[in-house]
Amino acid sequence: MEPVYEELILPASLDADGGAAFAEMVEMTNAVTADVVGRDDLAYEPAGELAQLDGERNAIRILLARVAGRIVGRALVLAPLEAGSETADVEVDVLPQVRNAGIGSALLAWGEEVAAALGRTALHCWPFSRPALAGEEVIVPPTGAGAIPAADAGARFLTARGWRLAQVYRISRIDLHAAREATAAAGARAREASTGYELLTWAGSTPPPYRNDLAALYGRMLIDAPMSDLAIDEEEWDAERLEAYERRAADGGVVLVTAVARHRESGRIVAFSSASLPLDRRRPAEQGDTLVHGEHRGHRLGMLVKVGLHDEIARVSPGTQAVITYNAEEN
């Protein structure tokens, strides 16, 4: 049966027009990811995923592919609307059982055309890949850090269409209960090295006195984090944007947990780490950003806020067993 393609307008909520299709699309992408990684730890919840798509600061376009009425693939284009932005994310997912029928090619071509029409010259895609096996042919990024199997379906699909591998991210998982003693020991070492700093934690929205400092650190993430040779658009963050981000998370049923380091002498927030707790607390929390301001590195503040974050997660959500994190291999 021939696929049918339809554009999905980002719905206002899961109860609004298009909400059911959006939820089905998210479940489809979860199935694609689980097929690669072999477990559903990385699954997104439709409400949380919808809430995180900021249609005010990004141009967002979605194309669905259906076979016999069922969503079997999608392309998502997300292009930041900051002045001078040159990049766009183009994500394509197709269920394994309907691949090699031209669906992925059609979706990717549409995504590339949409991005070009928006004036974007650098496109990014972040497919999941299995680890390479010993002796297997691999593709290595320009950083020389990490590799993916050349036979990986996503790698073959993209490289055959002119895309190149720029960076590899490692996905790591920590069992909070099993690591309790090691985490406590690491926290003790961090506190010993960071006597000029105070650890603060909270769940939900950021207290007003800390919003400007935290927003400034969020704005440095894409500048300070290792990004290989990828073209990167800087993001402008202020207290208003931070509040909007936290409000969208709450609207989607996601609880944000944050740990920060406050410099005692200046009173400024100089390091942070954040995570999100899904609606289903049996699922892992997802580690978000972690950053230490360059002027305050060398005091184990990264470890201080990471340990503080894990302790706050355990306090807020005792049923959360694990945390998932993503790190550039060269980091």
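Helix H3 (residues 103-117) lies across S1, S2, S3, S4 and S5, running at about 165 degrees to S4. Contact here means heavy atoms within 4.5 Å. Helices (H or I, at least four residues) and strands (E, at least two) are DSSP runs, numbered from the N terminus. Axes are lines fitted to C-alpha atoms, for helices over the stretch in contact, and angles run from 0 to 180 degrees between N-to-C directions.

Before going on, a word on the model: it is predicted, so local features need pLDDT of at least 70 and side-chain atom pairs count only at pLDDT 80 or more, while totals for chains, interfaces and linings use all residues. Residues are numbered from 1 along each chain as its sequence is written, and side-chain values use heavy atoms, with hydrogens and water left out.

### The five-stranded sheet

The strands that H3 lies across belong to an open sheet with the order S1-S2-S3-S4-S5 and mixed pairing; two strands pair if DSSP finds at least two bridges between them. Its edges are strand S1 (4-8) and strand S5 (122-124), each pairing on one side only. From one strand to the next, the twist averages 20 degrees. Helix H1 (residues 19-37) also lies across part of this sheet, namely S1, S2, S3 and strand S4 (87-94), and runs at about 95 degrees to S3.

### The six-stranded sheet

Another open sheet, again with mixed pairing, has six strands in the order S8-S13-S12-S11-S10-S9. Strand S8 (169-175) and strand S9 (197-203) are the edge strands. Neighbouring strands are turned by 20 degrees against each other on average, direction ignored.

| Strand | Partner strand | Bridges | Opposite residues |
|---|---|---|---|
| S2 (residues 58-67) | S3 (residues 70-80) | Ten bridges | Ala65 and Gly73 |
| S10 (residues 255-263) | S11 (residues 269-277) | Eight bridges | Ala261 and Ala271 |

### A helix pair

Two packed helices are described by the angle between their axes and the distance between the axes. For helix H5 (residues 180-193) and helix H8 (residues 301-316), the axes come within 8 Å and cross at roughly 140 degrees. H5 and H8 are therefore oblique to each other, given that angles under 35 degrees count as roughly parallel, over 145 as roughly antiparallel, 65 to 115 as roughly perpendicular and the rest as oblique. On the H5 side, Thr183, Ala186, Gly187, Ala190 and Arg191 meet Met303, Leu304 and Val307 in H8.
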